[in-house]
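Dear colleague,

Please find below the structure that I am handing over to you.

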Amino acid sequence: MNYRKFRADQLFTGYQLLGNDAVLVTDEQGVVETILPYAEAGDEVEQLVGILSPGFINCHCHLELSHMKGLIPEKAGMTDFVLAVVQQRHHPDENILAAIETAESEMLQNGIVAVGDICNNTLTLAQKRKGRLYYHNFIEASGFVPAIAEQRFARSLDFFNAYAQQYALPIESNSIVPHAPYSVSPELFKRIIHFPGNHILTMHNQESMAEEELFMNNKGDFRRMFEGMNIDISFFQPSGKNSLQTVLPYFLRNQTLILVHNVTTTENDIDILKNSGSSSPDSRLRTPDYYFCLCPSANLYIGNGLPNIDLLMNSGIPIVMGTDSLASNHQLSILEEIKTLQHLFPALELLQLLQWATINGAKALQLEEMLGSFEKGKKPGVVLIKTEENGIGSGSQVERLL
């Protein structure tokens, strides 16, 4: 068997950063054989400048919105951004399909190997069947009016069945998920959460203060959003709690939940997450697996603020990374998200950022047996982060090697 051997300034394994003495050995298809010292590597070692890393995991994307790149002005705020997506997302299918293909190619070039992708239709299905990236398809259900819960769930179930029948991996790779607390009724939540096999869920979480105001006292700018969509919410009674605390009891103890954005997440919210279900007398029921997904470039684009990174980082709840969509971002690049976080939070360590971008994301999507780290038998992708004099800088780029 022929092998490829890679040596760079640093080698990130998925868990730790090694120096330039480490050599990664894979077969020609990219399956990891071993990591060994340079002195033991023999001939034909490829010498590279930068950081070798497993391929990146994009835990939150809306590939189906790729045709909306540049259509929504930056800093519009959460309410006007949501209204713009609802009102402007409908374009001819041929334009949408072409944009989907281009966006997927961009992710490939940017070293992304797996995507947690939000789906409100089947327009991405044909592209995904080409098998260029791993996808977990999050079939999104929404409907804030209780009377339409059955209808909206049936629609999502039709999409789920289409993906399940035509796009299948050796693992379960599709889920029906709630869009957000402010767009899913309790009746629809129950249908989603109890759908058989829904082992990985995701939800847009606490994206703005307007979301919190709605649930606390039925006030704030989200009322204008519902008016703009001609949705009568006169039935709604605020819980007096914030959005996350209102809907968290719906979720089951054996589910993974990826919480996306988390702009207004508080220490109290984190305490509730960490203690959820811990008082159950049945110790066989494990507590849920939570992940915080950061999409900083999208937060800046929309203008709805950034999460408290220090709070999330110190919570003990794993952090993963996402790009969101081209409706709310200039590119689909996990490396660019790393750069954004480095710029805004210079105290963040590179090791942490790379873990968030690789092994944590693989675990969140339950792909860690295949992706996320350089371990024997895995095929995680091999990317080279081209560094500058002081490490990853604004001009750094990524090259996909395998």
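**Salt bridges in the predicted model**

Counted as a side-chain nitrogen of Lys or Arg within 4 Å of a carboxyl oxygen of Asp or Glu, the salt bridges come to eleven. The model is predicted, so local features need pLDDT of at least 70 and side-chain atom pairs count only at pLDDT 80 or more, while totals for chains, interfaces and linings use all residues. Residues are numbered from 1 along each chain as its sequence is written, and side-chain values use heavy atoms, with hydrogens and water left out.

One of these salt bridges joins the side chains of Arg4 and Glu46, at 2.9 Å from N to O. Because Arg4 belongs to strand β1 (residues 3-7) and Glu46 to strand β6 (residues 45-47), the pair ties together parts that are 42 residues apart in sequence. Strands (E, at least two residues) and helices (H or I, at least four) are DSSP runs, numbered from the N terminus. Arg4 is partly exposed, with a relative accessible area of 26%, and Glu46 is partly exposed at 27%. Here buried means under 20% relative accessible area, exposed over 50%, and partly exposed in between (1.4 Å probe, protein chains only).

A salt bridge also links the side chains of Asp117 and Lys128, with 2.7 Å from N to O. This pair connects distant parts of the chain, eleven residues apart: Asp117 is in strand β9 (residues 112-119) and Lys128 in helix α3. Asp117 and Lys128 are both buried.

With kind regards
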